[in-house]
Amino acid sequence: MKFQKTIAAVLVITALTGAALAHSGVSDPHVKARMHAMGQAQQASKLLSNMARGRTTFDADAAAKAKAILIEVAAQTPALFTVNASDPVSEARASVWENFDDFTAKSQNMRDAAEALDVSDIARLGAGMRAVGQSCSSCHKSYRK
């Protein structure tokens, strides 16, 4: 069990480090902060999805940490996008700021889905990840290039 927790922690740290390095060429600090947060959410979602699909060994502690990251990022998202900053590598569409109320509502939907995640076992995690994935996809279709 200790080995599984160590592996899960290494995977989370590696994923978060990779996300940070991928955004190292961004010059605008607002865009960098947004991209860092979205990268964290992406890696947390990926870890949870891989656990739910049996691609990674289920670890309730690592799942709980990933869930907390999703909740935190969803809660921070509207504030991260209040400044309409751009950068050549930014994936945010102008529609974020044109429809900010809808964007904020979609962020709340993500937070609600993440908070509802039951990470106590693999079956419950799989059921909850569908709602998380749908909330991410809903926002990305409208607001991500």
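What pattern does the protein follow, read along the sequence? I read it as α-α-α-α-α-α.

**Entry 1: the model and its numbering**

I noted that this is a predicted model, in which local features need pLDDT of at least 70, side-chain atom pairs count only at pLDDT 80 or more, and totals for chains, interfaces and linings use all residues. Residues are numbered from 1 along each chain as its sequence is written, and side-chain values use heavy atoms, with hydrogens and water left out.

I looked up the confidence next. pLDDT is the predictor's confidence in each residue, from 0 to 100. The mean for the protein is 88, and 83% of its residues reach 70 or more. Among the elements, helix 5 has the highest mean pLDDT (98) and helix 1 (residues 2-22) the lowest (49). Over residues 16-21 the pLDDT is below 50, and this stretch has six contacts in the model beyond near neighbours in sequence. A contact means heavy atoms within 4.5 Å.

**Entry 2: helices and surface**

I found six helices and zero strands. Both are DSSP runs numbered from the N terminus: helices are H or I with at least four residues, strands are E with at least two.

For burial I used these cut-offs: buried is under 20% relative accessible area, exposed is over 50%, and partly exposed is in between (1.4 Å probe, protein chains only). Of the 145 residues of the protein, 38% count as buried. The accessible surface comes to about 8100 Å², and 56% of it belongs to carbon and sulfur atoms. Such areas come from the Shrake-Rupley method with a 1.4 Å probe, and for residues only the protein chains shown count as cover.

I also checked how far along the sequence the contacts reach. Among contacts between residues at least 6 apart in sequence, 71% join residues at least 24 apart.

**Entry 3: nonpolar cores**

Which residues have the most contacts inside the largest nonpolar core? I listed L48, M51, L70, L117, L125, M129 and V132, in a core of 21 residues. The term covers a set of buried Ala, Val, Leu, Ile, Met, Phe, Trp, Tyr and Cys residues joined through side-chain atoms within 4.5 Å. The elements giving two or more residues to this core are helix 2 (29-52), helix 3 (60-80), helix 5 (100-116) and helix 6 (122-143). Helix 3 gives the most, with seven residues.

I then followed V132. Not counting residues up to four places away in sequence, V132 touches S45, L70, M110, A113, A114 and L117.

**Entry 4: aromatic rings**

I searched the whole structure and found four aromatic pairs. Rings of Phe, Tyr and Trp (its six-membered ring) pair if their centres lie within 6.5 Å; planes under 30 degrees apart count as stacked, over 60 as edge-to-face and the rest as tilted.

F81 and W97 form a tilted pair, 6.2 Å centre to centre with 40° between the planes. F81 lies in the loop between helix 3 and helix 4 (95-98) and W97 in helix 4, so this pair ties together parts 16 residues apart in sequence. F81 counts as buried, at 6% relative accessibility.

F103 and Y143 form an edge-to-face pair, 5.4 Å centre to centre with 90° between the planes. This pair links distant parts of the chain, since F103 is in helix 5 and Y143 in helix 6, 40 residues apart. Both F103 and Y143 are buried. I noted one aromatic cluster formed by F81, W97, F100, F103 and Y143.

**Entry 5: cysteines**

How many disulfides does the structure hold? I counted zero; the cut-off for a disulfide is a pair of cysteine sulfur atoms within 2.5 Å. C136 is in no disulfide, and the nearest cysteine sulfur, that of C139, is 8.3 Å away. That distance is too far for a bond. C136 is partly exposed, with a relative accessible area of 23%, whereas C139 is buried, at 13%.

**Entry 6: two more residues**

Is K106 buried or exposed? I found K106 buried, with a relative accessible area of 15%. K106 lies in helix 5. Leaving out residues up to four places away in sequence, K106 touches S138, C139, S142 and Y143.

S49 is in helix 2 and counts as buried, at 18% relative accessibility. S49 and A63 are 14 residues apart in sequence and 9.8 Å apart in space, C-alpha to C-alpha.
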